[in-house]
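Please open the model in your viewer and display the chain as a cartoon. The stops below proceed by selection, each with a short account of what is found there.

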Amino acid sequence: MKCPHCLENFRETWSALKDSSNDSPADPDGTWELGYTKCPGCNRVTVRMRQKVGGMTKSEALVRPRAPNRMPLPADIPEEFIGDYQEACAVLPDSPKASAALSRRCLQNLLREHFSVEHGNLHEEIAEVVPKLPSYLAAAVDAVRIIGNFAAHPMKSTNSGEVLDVEPGEAEWSLDVLESLFDFCFVQPAVLKQKREALNEKLSDAGKAEMR
Ligand SMILES: [Zn+2]
């Protein structure tokens, strides 16, 4: 399985989490078994809960983490954006509405802090940033307002963090867009910076002028 924390593959062995009586608790809905496994890569514990009825597994849910991370978060992403993003991922299975609201708030912070857009409403801020983005990303960011049907739900634009009804796929799309923006704003520049530094080291060793 893939570790839900770091998304690396590993062979899992589940151990039972039991109370001192060594029995899994039972109620009229079934027997509730808690199991855990630890990822050898990131050393994090994953806990799952299984509902068994008549010896058969009826349902299974992740307890820790509540939902798999959608991608390993690179170190280059500033802390201020990570909180809303991670919470938007965590609540997605239970509440796409809440997830989309957190994603909109995160997107707005990113547009204001990183792209220094003029503070208005999210609709205008997206319009301002779209011409500054490469076309693949511009279309993706613009689609946040289209998929979210901002025209019919103006509160999504004026109060970005408000929990409002979502269109099908809107919450997932908002997270997809945030991930692509993180990559564009923070990850790729850091990768290129590292490569440029390595190149400059070679150039300087060879007695040549460094690339700026
Ligand atoms: Zn892991």
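Select Lys202 first. In this predicted model, Lys202 counts as exposed because it has 10 C-beta neighbours inside 10 Å, and the limit for an exposed residue is 12 or fewer. Lys202 belongs to helix H6, which covers residues 170-205.

Select residues 79-91 for H1 and residues 96-114 for helix H2. The axes of these two helices come within 8 Å and cross at roughly 160 degrees. Angles over 145 degrees count as roughly antiparallel, which means that H1 is roughly antiparallel to H2. H1 passes H2 in a left-handed crossing. To view the contact, show side chains on both helices: H1 contributes Glu80, Phe81, Asp84, Tyr85, Glu87, Ala88 and Val91, while the H2 residues include Leu102, Cys106 and Leu110.

Keep H2 selected and bring back H6. How do H2 and H6 run relative to each other, roughly parallel or roughly antiparallel? Their axes come within 8 Å and cross at roughly 25 degrees; because angles under 35 degrees count as roughly parallel, H2 and H6 are roughly parallel to each other. This crossing, in which H2 passes H6, is left-handed. On the H2 side the contact involves, among others, Ser99, Ser103, Cys106, Leu107 and Leu110. On the H6 side, Ser174, Leu175, Leu178, Leu181 and Cys185 are among the residues taking part.

Next, colour the chain by domain. The domain assignment gives domain 1 as 1-19 + 29-66 and domain 2 as 79-197. The centres of domain 1 and domain 2, taken over C-alpha atoms, are 32 Å apart.

Finally, zoom out to the whole protein chain. It has six helices and five strands, in the order β-β-β-β-β-α-α-α-α-α-α along the sequence. The C-alpha atoms fill a box of roughly 70 × 55 × 25 Å along the principal axes. The radius of gyration is 22 Å, whereas a compact globule of 212 residues would have one near 17 Å. Buried residues make up 20% of the 212 residues. Among contacts between residues at least 6 apart in sequence, 47% join residues at least 24 apart.

Definitions and conventions
Residues are numbered from 1 along each chain as its sequence is written. This is a predicted model: local features need pLDDT of at least 70, side-chain atom pairs count only at pLDDT 80 or more; totals for chains, interfaces and linings use all residues. Helices (H or I, at least four residues) and strands (E, at least two) are DSSP runs, numbered from the N terminus. The radius of gyration is taken over C-alpha atoms; the globule rule is 2.2 Å times the number of residues to the power 0.38. Two residues are in contact if their C-beta atoms, placed from the backbone, lie within 7 Å. Domain bounds come from an automatic or database domain assignment. Axes are lines fitted to C-alpha atoms, for helices over the stretch in contact, and angles run from 0 to 180 degrees between N-to-C directions. Angles under 35 degrees count as roughly parallel, over 145 as roughly antiparallel, 65 to 115 as roughly perpendicular and the rest as oblique. A crossing is left-handed if the near helix is turned anticlockwise from the far one by less than a right angle, and right-handed if clockwise.
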